[in-house]
Amino acid sequence: VKMHGKRVQVTLSTLESDFAMDSALVAQCGQLHRLLTACFLHNGFFHVAFNLGYLYTLAPLEAGAPGAYLCTFLLSGVA
């Protein structure tokens, strides 16, 4: 991945250090993006697949609203 003209290696450890939930960094440094991005970091493919499958069963409960699946996913990540 290139950022600002430089090649940057993206690894799991860099993703976790930049985007994982850390309440101290949220409270003291104002890194509010961590409240949402933490829901995208999980413990493997099957964990993510199971969660998405479960959320897919909940989305129809929102009366077929446009974007119901995405809305359910994002709101459950913040909750």
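What follows is a short chat about the chain, its confidence, a surface patch and a few residues.

Trainee: What should I know about where the model comes from?
Mentor: This is a predicted model, in which local features need pLDDT of at least 70 and side-chain atom pairs count only at pLDDT 80 or more, while totals for chains, interfaces and linings use all residues. Residues are numbered from 1 along each chain as its sequence is written, and side-chain values use heavy atoms, with hydrogens and water left out.

Trainee: What is the average pLDDT of the chain?
Mentor: The average is 77, and 87% of the residues score at least 70. pLDDT is the predictor's confidence in each residue, from 0 to 100.

Trainee: Where is confidence lowest, and where highest?
Mentor: Strand S1 is lowest with a mean of 70, and helix H2 (residues 23–29) is highest at 89.

Trainee: How many helices and strands are there?
Mentor: The chain has five helices and two strands, in the order β-β-α-α-α-α-α along the sequence. Both are DSSP runs numbered from the N terminus: helices are H or I with at least four residues, strands are E with at least two.

Trainee: How much of the chain counts as buried?
Mentor: Of its 79 residues, 11% do. Buried means under 20% relative accessible area, exposed means over 50%, and partly exposed is in between (1.4 Å probe, protein chains only).

Trainee: Which residues form the nonpolar patch?
Mentor: Met 3, Val 8, Val 10, Leu 12, Leu 15 and Phe 19 do, with about 490 Å² of accessible area together. Nonpolar side chains (Val, Leu, Ile, Met, Phe, Trp, Tyr) are joined within 5 Å. Areas come from the Shrake-Rupley method with a 1.4 Å probe; for residues, only the protein chains shown count as cover.

Trainee: Which helix gives the most to it?
Mentor: Helix H1 (residues 12–19), with three residues. Met 3 lies in strand S1 (residues 2–3), and it counts as partly exposed because its relative accessibility is 46%.

Trainee: New topic: where does Leu 41 lie, and what is it in contact with?
Mentor: Leu 41 is in the loop between helix H3 (34–37) and helix H4 (45–58). Leaving aside neighbours within four places in sequence, Leu 41 is in contact (heavy atoms within 4.5 Å) with Leu 15, Glu 16, Phe 19 and Ala 20.

Methods:
Patches are made of residues with over 30% relative accessible area and no salt bridge: like charges are joined within 9 Å, nonpolar side chains (Val, Leu, Ile, Met, Phe, Trp, Tyr) within 5 Å. A salt bridge is a side-chain nitrogen of Lys or Arg within 4 Å of a carboxyl oxygen of Asp or Glu.
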